[in-house]
Amino acid sequence: MEEEQLIAGLRAKDRKTTDYLYEKYSRALFAVISRIVHDSDIAEEVFHDAFVKITRKIDSYDESKGRLYTWMANICRNSAIDKLRSKEISQSGKTNTIDDFVYGLESKSGTVEETDAIGVRELMDQLNEDQRFIIEYIYFKGYTHSEVSEEFDIPLGTVKSRVRASLQVLKKNLDRI
Amino acid sequence: MDIQSYIASGKLELFLLGELNEREREEVLALSKQYPEIQQELNELEEAMFALDELTGTKPSPKVKDKIFASLEQDFKKAETVKPTAAPVETKVVKLSPWKPFAVAASLVAVIASAVAIFYANKFYERDQQFTALLQEQSVMADNLNQVKLEYEQKDTQLDRFVAGDFKRVEMKGEGFEMQKDAKVDVFWDQSAKEVFVAVNNLNSLADEYDYQLWAIGDDGPIGIGLVNPGEKLTLQQMDAVAQAGAFAITIEPKGGSESPTLEKLVVLGEVA
């Protein structure tokens with residue numbers, strides 16, 4: 001389905017289009033959330049709310065301001081960050097690292113939704129120490145670039161270029177996996 | 001503009017992560033429309049992010065999907081009943097019984113008709129009240145007009161008499177008396193017709209239990225010829241007929257007037273010249 005068609009169907013509250021959206025994007029969008037919120041019950045609750053929000057706010061989505069996936073991923077990411085910062089989740093358990101994440105994937109191996117944990121580990125191994133650090137905080141802990149800059153005393157420009165460099169590495173290596 | 005260094009700045013990644021402020025976001029959007037290289041980089045980055053998310057993600061459990069679609073059921077239903085054409089695939093399946101649109105149309109007509117009826121009933125009631133108010137106003141105006149007419153006729157008759165008659169003006173003043181130094185009342189007297197009018201120029205108002213009384217002082221002593229209303233200034237007030245008088249005077253008397261004047265309460269006096 002073309003993106004235009006998909007958006008039109010969502011705006012018409014069409015059941016089939018919504019189902020298509022779910023099948024195509026739920027995995028990636030849920031990943032965005034569960035990277036930040038590790039408790040799987042809470043992550044699913046956040047995902048439920050975020051997905052409902054996506055279908056209900058589709059009228060406010062503006063195609064000229066970015067593509068659909070980016071818009072949806074940002075809604076999921078913000079919902080997860082909001083949840084993480086709310087009182088519902090104690091901050092004590094917030095020691096998320098890439099290793100924890102990969103470990104989480106590995107422990108789930110063998111279920112129907114098998115993930116290529118080895119692939120992810122290989123992918124992350126392509127990053128150097130600085131890049132890995134940035135990805136860990138921004139991608140897995142839900143920090144904003146300015147929060148990373150302030151908390152770890154790294155100049156904002158450096159944070160930006162490291163985010164870029166990390167994504168470039170990941171982008172290049174994604175094809176290989 | 002150095003596009004490569006702009007791309008290398010890391011702004012595009014932050015754009016995709018939703019971390020730019022409004023101004024920076026607008027800038028990225030504007031530049032991506034202007035430079036195909038930037039647009040392409042954005043597309044590639046988005047695809048990479050999606051691929052990364054897809055690769056690292058697991059599907060949420062099936063019960064989440066059920067719950068989401070249960071939450072959205074109302075939205076689908078509403079869309080399906082309101083706009084059946086919005087879901088072309090399902091229109092073939094969903095058959096609307098023919099009575100339904102008619103019932104909907106009929107109740108719509110009924111509601112509209114009621115609304116219109118109530119609207120006009122209100123309007124009618126409003127107009128009816130306005131009409132009643134106008135009628136009342138009109139009758140008040142007619143009364144006023146009659147009164148004015150009457151007054152006019154009176155004045156006209158007075159004027160006729162005044163012009164036709166031989167009136168002598170007698171000025172009565174309060175200068176020599178204690179009651180009201182600046183009091184001034186004029187008497188107009190037609191000796192042959194025996195008619196007397198007074199015109200109050202300046203006379204204090206009285207308490208309710210007193211009246212001003214006009215006296216004609218002739219050979220037989222003072223004769224009360226009427227009560228003077230101090231409020232009707234500079235209009236002619238007709239008094240009783242007098243054939244013979246050497247002077248006119250006004251005194252304050254108990255309400256209704258007295259047989260003979262209370263001289264201590266003499267207000268004004270004027271001698272016939």
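This is a predicted model: local features need pLDDT of at least 70, side-chain atom pairs count only at pLDDT 80 or more; totals for chains, interfaces and linings use all residues.

Q: How many residues does helix 4 of chain A have, and what span does it reach?
A: A helix can be checked by setting its end-to-end span against the expected one. Helix 4 of chain A has 18 residues, and its first and last C-alpha atoms are 26 Å apart, close to the 26 Å expected at 1.5 Å a residue.

Q: Which residues are in contact with A:Cys76, once neighbours within four places in sequence are left aside?
A: Leaving out sequence neighbours shows what the fold brings together. For A:Cys76 the contacts are A:Leu29, A:Val32, A:Ile33 and A:Ala50.

Q: Which residues of the largest nonpolar core touch the most other members?
A: The largest nonpolar core here has 56 residues, and A:Leu29, A:Ile33 and A:Cys76 touch the most other members. Elements of both chains each supply at least two residues: helix 2, helix 3, helix 4, helix 6, helix 7 (129-140) and helix 9 of chain A, and helix 2 (11-16) and helix 4 (36-56) of chain B. Helix 2 of chain A gives the most, with 10 residues. There is also a second, separate core of 26 residues, which includes B:Ala216, B:Ile225, B:Ala245 and B:Ile250.

Q: How many residues does each chain bring to the contact between them?
A: The general idea comes first. The size of an interface is often given as the accessible area lost when the parts come together. Here residues are counted instead: 45 from chain A and 40 from chain B. On the chain A side, helix 2 (15-36), helix 3 (40-56), helix 4 (68-85), helix 6 (117-125) and helix 9 (156-174) each supply at least two residues. Helix 2 of chain A has the largest share of that side, 10 residues. By class, the side of chain A that touches chain B has 17 nonpolar, 13 polar and 15 charged residues. For the complex, the predictor gives an ipTM of 0.77 and a pTM of 0.50.

Q: How many helices and strands does chain A have, and how many does chain B have?
A: Counting elements gives a summary of each chain. Chain A has nine helices and zero strands, while chain B has seven helices and eight strands. Buried residues make up 37% of the 177 residues in chain A and 21% of the 273 residues in chain B.

Q: Which region of chain B does the UniProt annotation "coiled-coil region" cover?
A: A record can be set beside the model. The annotation, from an unreviewed UniProt entry, covers residues 21-58 of chain B. Over this stretch the chain is 89% helix and 0% strand, with its end C-alpha atoms 31 Å apart.

Q: Why is A:Pro155 counted as exposed, and how does B:Ala247 compare?
A: Exposure is read here from a count of neighbours. A:Pro155 is counted as exposed because it has 9 C-beta neighbours inside 10 Å. A:Pro155 sits in the loop between helix 8 (145-152) and helix 9 of chain A. B:Ala247 has 16 other C-beta atoms within 10 Å, so B:Ala247 is partly exposed. B:Ala247 is in strand 7 (residues 247-254) of chain B, and beyond four places in sequence it is in contact with B:Ile217, B:Leu269, B:Gly270, B:Glu271 and B:Val272.

Q: Where is confidence lowest and where is it highest in chain A?
A: Confidence should be read by element as well as by chain. Chain A has a mean pLDDT of 80; the lowest confidence is in helix 5 (residues 98-108), at a mean of 57, and the highest in helix 3, at 92. Over residues 108-114 of chain A the pLDDT is below 50. Chain B has a mean pLDDT of 86, with the lowest confidence in helix 6 (residues 88-91), at a mean of 48, and the highest in strand 7, at 94.

Note on methods:
Residues are numbered from 1 along each chain as its sequence is written. Chains are lettered from A and ligands numbered from 1 in the order in which they are written. Two residues are in contact if their C-beta atoms, placed from the backbone, lie within 7 Å. Helices (H or I, at least four residues) and strands (E, at least two) are DSSP runs, numbered from the N terminus. Ala, Val, Leu, Ile, Met, Phe, Trp, Tyr, Cys and Pro count as nonpolar, Asp, Glu, Lys and Arg as charged, and the others, Gly among them, as polar. A nonpolar core is a set of buried Ala, Val, Leu, Ile, Met, Phe, Trp, Tyr and Cys residues joined through C-beta atoms within 7 Å. A residue is buried if 20 or more other C-beta atoms lie within 10 Å of its own, exposed if 12 or fewer, and partly exposed in between; C-beta atoms are placed from the backbone. pLDDT is the predictor's confidence in each residue, from 0 to 100. The expected span of a helix is 1.5 Å times one less than its number of residues. UniProt positions are given in the numbering used here, feature names are shortened, and annotations may be inferred rather than shown by experiment.
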